[in-house]
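Please read them with the structure open beside you.

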Amino acid sequence: MTVPETTSTNEISTVGKVTGFIKDSKAELQKVTWPTKQELFMNTIVVLIAVVLVAVCIWVADTFFSVLIRTILR
């Protein structure tokens with residue numbers, strides 16, 4: 001069984017593909033509309049409030065089921 005030799009054209013095309021990918025990525029990142037500091041701050045506040053609300057809901061459900069199971073097992 002012979003192993004095919006790698007040619008320099010394969011290596012060049014791979015390097016060319018990587019270079020093209022990096023150039024395309026850079027061009028796409030320049031098209032992005034980045035949030036302002038105020039938008040970023042407000043969105044962060046919204047996420048933190050949502051996390052706290054979900055945590056409280058999970059805590060309430062956990063406490064309820066914990067008491068329910070303890071009552072059933074007594």
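1. Helices here are DSSP runs of H or I with at least four residues, strands are runs of E with at least two, and both are numbered from the N terminus. On that basis the chain has 2 helices and 0 strands. The model is predicted, so local features need pLDDT of at least 70 and side-chain atom pairs count only at pLDDT 80 or more, while totals for chains, interfaces and linings use all residues. Residues are numbered from 1 along each chain as its sequence is written, and side-chain values use heavy atoms, with hydrogens and water left out.

2. Of the 74 residues in the chain, 0% are buried (under 20% relative accessible area; exposed is over 50% and partly exposed lies in between, with a 1.4 Å probe and protein chains only). The chain exposes about 7400 Å², of which carbon and sulfur atoms supply 72% (Shrake-Rupley method, 1.4 Å probe).

3. Helix α1 covers residues 8–31 and holds both K31 and E28, which are 3 residues apart, about one turn of the helix. These two form a salt bridge, with the closest N and O atoms 3.3 Å apart; the rule asks for a side-chain nitrogen of Lys or Arg within 4 Å of a carboxyl oxygen of Asp or Glu. The count by this rule is 1 salt bridge. K31 counts as exposed because its relative accessibility is 60%, whereas E28, at 46%, counts as partly exposed.

4. The UniProt record, an unreviewed entry, places a "transmembrane region" at residues 45–69, and such annotations may be inferred rather than shown by experiment. In the model this span is 100% helix and 0% strand, and its end C-alpha atoms lie 36 Å apart.

5. F41 counts as exposed, because its relative accessibility is 51%.

6. There is 1 aromatic pair by the rule applied. The ring centres of F64 and F65 lie 5.1 Å apart and the planes meet at 70 degrees, so the pair is edge-to-face. Rings of Phe, Tyr and Trp (its six-membered ring) pair if their centres lie within 6.5 Å, and planes under 30 degrees apart count as stacked, over 60 as edge-to-face and the rest as tilted. F65 counts as partly exposed, at 48% relative accessibility.
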